[in-house]
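Good morning, and thank you for making time for this item. I would like to go through one model with you, taking the helix contacts, then the charged pairs, and then the backbone.

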Amino acid sequence: MLGIGLSIVSLARFQFAMTTVFHFFFVPFSIGMGFLVAIMETLYAVKKDKVYLDMAKFWGKIFLLSFAVGIVTGIIQEFQFGMNWSEYSRFMGDVFGAPLAIEALLAFFIESVFIGIWMFTWDRFKPGVHAFMIWMTSIGTMLSAIWILAANSFMQHPTGFKINNTTGRIQLTDFGAVVANPQLWKVFPHVILAAFMTAAVVITGMSAYGLLRKKKDENHFFKTSLRFGLWASLIFAILSAGAGDLQTQQIIKDQPMKFAATEGIYEDTKDPAPWTVVELINAKDHKASGQIEVPGVLSILAYHKLSGSVKGMNTINKELHAKYDKQFGKDMDYYVPPKTLFWSFRVMTGIDALIMLVSFVGLIFSRKKKDTIENHKWMLVVLGLCIWVPFIGNSAGWFITEFGRYPWIVYGLFTIAQAVSPTSTVASLLFSNIIYFLLFTLLGGVMVWYSRQTLHHGPYFEEADSKQNVDPFAKEAFGK
């Protein structure tokens, strides 16, 4: 540890958090954008309305940008397991390797093959056949999400394994149990629907900026895109909230400490349980004060009924000590970071509610019978600013997932402190943290710049220039 109070564990955790959060900026976005572009191209194949083809091509460029950056950040994230978390890799390798291998060999293979065909064959297939290519790409991205979340869900709720008493490592005994993990099938819908919502909000926001430019030849394109994005934002924000409620039911069952922290509850609540809007949290003394509460609401949220109390963190901490003291000792701290979880949950749910509200208002202003949204510049600006909102909400949700597992890296089996590489040093971690931060800043800047350039050029930029393009495999490319 250096004099500035940095430790190997804290630096390793910060580095993994940084790489994961940055990677998670682009993964939901690319998954959602691929899905929405597939819908756009399908609408063109069915309706034969050229605006949907233009939309698929234009928003497809943004999808390709996010897809590329997501791959690069994902590769960097994989380095973490060998660099800083080798003990975790040894402990979890037999289980963790299977879903990751399937993700690479099956899901990513589907993505990479069909995205290449889709990119270069706009004039080679019938509309329906070409739309099939982007649908396969979209399905591949969602399959990737399933296998990555299967690995993460095992860390949250281990199933289908045994501990090898000789090596002390986890061994996979039932792959079906890993795939059928209830944690996986509660978190997957929430993540995927949030991904669709994220892409929809970005389409809406960029379309609003496009309308602000007041270019007549682009007006119909961006207005159609705006309505498409608003409807998708509203629908998927509502569905994401519902999926989040189902995930919460699983968290209450598997990780009660995480749930108690998201609600800022230290002492067992009364029956029915009130929901705390805001409060002051004293993490050091394990108590809270200054609560503003809504009577009975937490019982409805937690149990879907008008009665029921919720265990507090102090009670759960005692239960965890009774369960794990023989294995991990009496000095183990089972309290998760309460402030982080409490406020992250409110940021996440507040953003979802904000997206519902803004989308609903935007649909009212842009309805066909009274389309006045172009006359309300403030509304277009609000929609444009909302581009960044879902990324904050996604990050807040991921904070809840990962911080809420503390002190475990594999819940109930392996702690974070046990998982760190024995060869890691403070100096090497400081250096790699700085390098990664600069690299991520560069990648993020490139993504934002290219997206801005794409919007600035407009949807018909390539179409105007397409006559000068030559198929690289055609005889014209090699001269006459």
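Helix α7 and helix α11 cross in a left-handed sense; by that term is meant that the near helix is turned anticlockwise from the far one by less than a right angle, clockwise being right-handed. Their axes approach within 9 Å, at a crossing angle of roughly 145°. An axis here is a line fitted to C-alpha atoms, for helices over the stretch in contact, with angles running from 0 to 180 degrees between N-to-C directions. Helices are DSSP runs of H or I with at least four residues, strands are runs of E with at least two, and both are numbered from the N terminus.

On the α7 side, the contact is formed by R227, L230, W231, S233, L234, A237, I238, S240 and A241, and on the α11 side by D352, I355, M356, V358, S359, G362 and L363. Contact means heavy atoms within 4.5 Å. By class, these residues of α7 and α11 comprise 10 nonpolar, four polar and two charged. The nonpolar class holds Ala, Val, Leu, Ile, Met, Phe, Trp, Tyr, Cys and Pro, the charged class Asp, Glu, Lys and Arg, and the polar class the others, Gly among them.

The model is predicted: local features require pLDDT of at least 70 and side-chain atom pairs count only at pLDDT 80 or more, while totals for chains, interfaces and linings use all residues. Residues are numbered from 1 along each chain as its sequence is written, and side-chain values use heavy atoms, with hydrogens and water left out.

Helix α11, residues 338-365, also packs against helix α13, residues 389-403, with the axes within 8 Å and crossing at roughly 145°. This crossing of α11 and α13 is likewise left-handed. From α11, the residues involved are T340, L341, S344, F345, V347, M348, I351, L354 and I355; from α13, they are V389, P390, I392, G393, A396, G397, F399, I400 and F403. That contact of α11 with α13 consists of 14 nonpolar and four polar residues, with no charged ones.

A polar atom of the R346 side chain lies 3.0 Å from the backbone oxygen of V277. Beyond four places in sequence, R346 is in contact with T262, E263, W275, T276 and V277.

L36, in helix α1, is also buried, at 1% relative accessibility. The C-alpha atoms of L36 and G229 are 8.9 Å apart, although 193 residues separate the two along the chain.

I turn to the charged pairs. How many salt bridges does the structure hold? There are eight, a salt bridge being a side-chain nitrogen of Lys or Arg within 4 Å of a carboxyl oxygen of Asp or Glu. One of them joins the side chains of K223 and E374, at 2.4 Å from N to O. This pair links distant parts of the chain, 151 residues apart: K223 is in helix α7, residues 216-254, and E374 in the loop between α11 and α12 (377-385). K223 is buried at 18% relative accessibility, whereas E374 is partly exposed at 23%. A further salt bridge connects K311 and E319, at 2.7 Å from N to O; K311 is partly exposed at 43%, as is E319 at 36%. R405 and E402 also form a salt bridge, at 3.0 Å, and R405 is buried at 5% relative accessibility.

Finally, the backbone. Most residues other than glycine have a negative phi, and most peptide bonds are trans. K48, in the loop between α1 (8-47) and α2 (50-83), has a positive phi of about 60°, and K48 is exposed at 56%. H304, in the loop between α9 (297-303) and α10 (313-328), has a positive phi near 60°.

Where are the cis peptide bonds of P272 and P407? The bond joining D271 and P272 has an omega of about 0°, and P272 sits in the loop between α8 (256-262) and β3 (275-282). The bond joining Y406 and P407 has an omega of about 5°, with P407 in the loop between α13 and β5 (408-410).

How values were computed. A polar contact is a pair of N or O atoms within 3.5 Å; within protein, one must be able to donate a hydrogen and the other to accept it, and residues adjacent in sequence count only if both atoms are side-chain atoms. Buried means under 20% relative accessible area, exposed over 50%, partly exposed in between (1.4 Å probe, protein chains only).
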